[in-house]
Amino acid sequence: MAVNLSKDALSKIDSGLVSLPCPRLAGRSTVVHLGLGNFYRSHQLAYANELLKLYHRNPDEMPQDDAIYNSVGVGLISSAKEQALFENLKKQDCLYTALTLSEGKQSASVVGSLSDCVYGPDDYGRVLDLLAAPSTHVVTMTISED
């Protein structure tokens with residue numbers, strides 16, 4: 001039976017088949033990333049997800065300066081494709097599945113390091129608020145060709 005990905009559905013997913021994210025750390029979105037394309041989701045957010053899992057298993061190793069890697073993704077391109085990406089991520093509580101192929105083996109992980117996403121053309125005020133928020137420690141961007 002297919003399950004739509006969401007926070008509520010995580011308990012229905014077989015953790016033997018898919019690596020699940022650790023619980024999100026409330027109020028700790030410290031990275032705002034401009035552009036939420038494939039590269040950022042498959043590399044940077046997947047890596048941050050693994051780091052969050054490590055901190056969840058070893059809380060004593062968590063940095064005390066609140067520099068934990070929960071991200072907010074911001075879309076700035078006004079297009080139907082970009083808007084659909086953000087709408088789909090919102091429906092899934094900003095969770096998505098990353099597939100990895102390594103040495104002929106395939107694995108899947110639910111990535112939970114994206115704590116929120118904002119489609120800028122619909123809410124530029126929120127984007128400015130995020131950029132100016134005291135909790136924002138880092139602003140990053142990915143620049144690539146379409």
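1. For the cysteines, a disulfide here is a pair of cysteine sulfur atoms within 2.5 Å. By that cut-off the count comes to zero. The sulfur of C117 has its closest cysteine sulfur in C94, at 3.7 Å, so the pair is too far for a bond.

2. Before going on, a caveat: this is a predicted model, with local features needing pLDDT of at least 70, side-chain atom pairs counted only at pLDDT 80 or more, and totals for chains, interfaces and linings using all residues. Residues are numbered from 1 along each chain as its sequence is written, and side-chain values use heavy atoms, without hydrogens and water.

3. C94 sits at 3% and C117 at 2%.

4. Which residues of α2 are buried? They are E82, L85, F86 and L89. These cover an arc of only 90 degrees around the axis, so they lie on the same side of α2; the arc is taken over directions from the helix axis to the C-beta atoms. The face turned away from that buried side carries the exposed A80 and K91.

5. As for partners, the buried residues of α2 pack against α1 (38-57), β2 (70-75), β3 (96-102) and β5 (114-119), contact meaning heavy atoms within 4.5 Å. After α2 comes D93, with a positive phi near 55 degrees.

Methods
Buried means under 20% relative accessible area, exposed over 50%, partly exposed in between (1.4 Å probe, protein chains only). Helices (H or I, at least four residues) and strands (E, at least two) are DSSP runs, numbered from the N terminus.
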